[in-house]
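User: Please take a close look at a single part of this model and say what surrounds it. Then put that part in the context of the rest of the chain.

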Amino acid sequence: MDDMDRLLAEISALDKKLPPVADWHPERNTAMDIRIDCNGQWFHEGDIISRHEMARLFSSILRKDPDGYCLVTPVERCLIQVDDVPFVAHLESVQGNADQQEIFMRTNMDDLVRIDADHPLRMKQYAGSHVPYIRVRAELEARVDRAAYYQLVNCMSERGGASGLMSAGSFFVMGA
């Protein structure tokens, strides 16, 4: 099994492990004193959640609804605070090159995502700069960390007068 097959198998396995939060519509709605800061760090009642496994568990039941981010179970929906987006992503791997290039990102909660039509990369204003974001699942996004951004710049190409990235057969504009 080559690296590409291994990465795609890992993505498939991750998708199968996630609970079906989009299908859950509990009647009980509350708020919980949980906050995810701009670095993707989780806090409960002001204290850092130091057990990575606990934060990963919470992230698996995270959903973005029209009124905000929430943790969802079949019986309860709890609104939480997210400073920017819930995840931060770093570059995992670049496979191939030019039009055959595939770029994989990994979040701080160990989600592996291939930049593609279902997980697009987009530029957004954050802290006074244009920063890339990638869709992780449903309406949840990850901000690409600074080191990964500079690594992605090395993979950029020009298409129709726009600078951007080719990944999995799609082109994503990253500059004018």
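**Gln101 and its surroundings**

Not counting residues up to four places away in sequence, Gln101 touches Val94, Gln95, Gly96, Cys155, Met166, Ser167 and Ala168, where contact means heavy atoms within 4.5 Å. This is a predicted model, in which local features need pLDDT of at least 70, side-chain atom pairs count only at pLDDT 80 or more, and totals for chains, interfaces and linings use all residues. Residues are numbered from 1 along each chain as its sequence is written, and side-chain values use heavy atoms, with hydrogens and water left out.

Gln101 belongs to the loop between β7 (87-95) and β8 (102-107). Helices (H or I, at least four residues) and strands (E, at least two) are DSSP runs numbered from the N terminus. The relative accessibility of Gln101 is 7%, so Gln101 counts as buried; the cut-offs are under 20% for buried, over 50% for exposed and partly exposed in between, with a 1.4 Å probe and protein chains only.

Asp99 also lies in the loop between β7 and β8, but Asp99 is partly exposed, at a relative accessible area of 45%. Neighbours within four places in sequence aside, Asp99 is in contact with Arg159 and Met166. By contrast, Met54 is 45 residues from Asp99 in sequence and 39 Å away in space, C-alpha to C-alpha.

**The three-stranded sheet**

β13, β14 and β15 form, in that order, an open sheet of 3 strands with antiparallel pairing; two strands pair if DSSP finds at least two bridges between them. β13 (157-159) and β15 (170-175) are the edge strands, each pairing on one side only. From one strand to the next the twist averages 55°, taken between axes fitted to C-alpha atoms, with angles running from 0 to 180 degrees between N-to-C directions. β13 and β14 (residues 162-167) are antiparallel and are joined by 3 bridges. Glu158 has Ser163 in β14 as its bridge partner.

Val173 is placed in β15 and is partly exposed, with a relative accessible area of 47%. Beyond its neighbours within four places in sequence, Val173 contacts Met123, Ala162, Ser163 and Gly164. Ala162 is 11 residues from Val173 in sequence, and their C-alpha atoms are 6.4 Å apart.

Strands β10 (residues 121-126) and β11 (residues 129-137) run antiparallel and are joined by 6 bridges. They form a hairpin with 2 residues between them, and Ala127 in the turn has a positive phi of about 50°. Arg122 stands opposite Tyr133 in β11.

Elsewhere, 6 strands make an open sheet in the order β3-β2-β1-β6-β5-β4, with mixed pairing. Its edge strands, β3 (47-48) and β4 (62-65), each pair on one side only. The pairing of β2 with β3 is antiparallel over 2 bridges, and His44 has Asp47 in β3 as its bridge partner.

Lys64 is located in β4 and is partly exposed, with a relative accessible area of 38%. Ala138 lies 74 residues from Lys64 in sequence, with 8.1 Å between the C-alpha atoms.

**Rings and charges**

Rings of Phe, Tyr and Trp (its six-membered ring) pair if their centres lie within 6.5 Å, and planes under 30 degrees apart count as stacked, over 60 as edge-to-face and the rest as tilted. By this rule the model has 2 aromatic pairs. In one of them, the ring centres of Trp42 and Phe58 are 6.1 Å apart and the planes are at 20°, so the pair is stacked. Trp42 in β2 (residues 42-44) and Phe58 in helix α2 (residues 52-60) are 16 residues apart, and the pair links distant parts of the chain. Trp42 is buried, with a relative accessible area of 0%.

A charge sits over a ring if NZ of Lys or CZ of Arg is within 6 Å of the ring centre and within 35 degrees of the ring normal. The charged end of Arg35 is over the ring of Phe43, 4.9 Å from its centre. Likewise, the charged end of Arg143 is over the ring of Tyr126, 4.5 Å from its centre.

**Confidence**

The protein chain has an average pLDDT of 91, and 91% of the residues score at least 70; pLDDT is the predictor's confidence in each residue, from 0 to 100. Among the elements, strand β12 (residues 140-144) has the highest mean pLDDT (98) and helix α1 (residues 3-17) the lowest (65). Where pLDDT is low, the predicted coordinates should not be read in detail.
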